[in-house]
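Here is a note for a student who is reading this structure for the first time. Please keep the sequence and the 3D view open while going through the numbered points.

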Amino acid sequence: MYKTLGLLVLAGTMGGLTVGRAQTAQETPQSMLAAQIRMQGFACDKPLGAVRDRQRSRPDHAVWVLKCRNASYRVSRAPDMAAKVETLR
């Protein structure tokens, strides 16, 4: 089931989720993705890692597999839109 919550903007690019100078070193792709899906109503107790799915990704549409302690998610992100989140297990 997909949940969306209006427009959500995270700092970063779709390709690599770059970290700006004002952001702390703790902001990693997995922590940023975990924060985004939590805002959309999904549980991510502890983000363990995030890997970009290069086969499913396209320009301006990044797809990531986010592994949390309690579940894994496929997170599709497009500019200026809420993430599309699919529970994998």
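1. A term is needed before anything else: rings of Phe, Tyr and Trp (for Trp, its six-membered ring) form a pair if their centres lie within 6.5 Å, and the pair is called stacked when the planes are under 30 degrees apart, edge-to-face when they are over 60, and tilted for the rest. By this rule, the structure holds one aromatic pair. The rings are those of Phe 42 and Tyr 73, with centres 5.6 Å apart and planes at 75°, so the pair is edge-to-face. Phe 42 sits in the loop between H1 and S1 and Tyr 73 in strand S3, so that the pair links distant parts of the chain, 31 residues apart.

2. A word on the source: this is a predicted model, in which local features need pLDDT of at least 70 and side-chain atom pairs count only at pLDDT 80 or more, while totals for chains, interfaces and linings use all residues. Residues are numbered from 1 along each chain as its sequence is written, and side-chain values use heavy atoms, with hydrogens and water left out.

3. The chain has one helix and four strands, and along the sequence these follow the pattern α-β-β-β-β. Helices (H or I, at least four residues) and strands (E, at least two) are DSSP runs, numbered from the N terminus.

4. The four strands form an open sheet in the order S1-S2-S3-S4, with antiparallel pairing, where two strands are said to pair if DSSP finds at least two bridges between them. S1 and S4 are the edge strands, each of them pairing on one side only. The twist averages 20° from one strand to the next; for such angles, axes are lines fitted to C-alpha atoms (for helices over the stretch in contact), and the angles run from 0 to 180 degrees between N-to-C directions. As background, strands of a sheet pair through backbone hydrogen bonds, either parallel or antiparallel.

5. Where does the helix lie? H1 lies across S1, S2, S3 and S4, and runs at about 100° to S1. The buried residues of H1, which spans residues 29–39, are Met 32, Leu 33, Ala 34, Gln 36 and Ile 37; here buried means under 20% relative accessible area, exposed means over 50%, and partly exposed is in between (1.4 Å probe, protein chains only). Their cover includes strands S1 (47–52), S2 (62–68), S3 (72–77) and S4 (84–87). Just after H1, Gly 41 takes a positive phi of about 100°.

6. For the chain as a whole, 37% of the 89 residues count as buried. Contact means heavy atoms within 4.5 Å, and of the contacts in the chain with a separation of 6 or more, 43% come from residues 24 or more positions apart.

7. How many salt bridges does a search of the whole structure find? The search finds two salt bridges, each being a side-chain nitrogen of Lys or Arg within 4 Å of a carboxyl oxygen of Asp or Glu. In one of them, Glu 86 meets Arg 74, with the closest N and O atoms 3.1 Å apart. Glu 86 lies in strand S4 and Arg 74 in strand S3, so this pair ties together parts that are 12 residues apart in sequence. Arg 74 also has Glu 86 as its bridge partner in S4, and four bridges join the antiparallel strands S3 and S4. Glu 86 is partly exposed at 29%, whereas Arg 74 is buried at 16%.

8. A salt bridge also joins the side chains of Asp 53 and Arg 56 (3.1 Å, N to O). Asp 53 is buried, with a relative accessible area of 17%, while Arg 56 is partly exposed at 44%. Leaving out residues up to four places away in sequence, His 61 touches Arg 56, Ser 76, Arg 77 and Ala 78. His 61 is found in the loop between S1 and S2.
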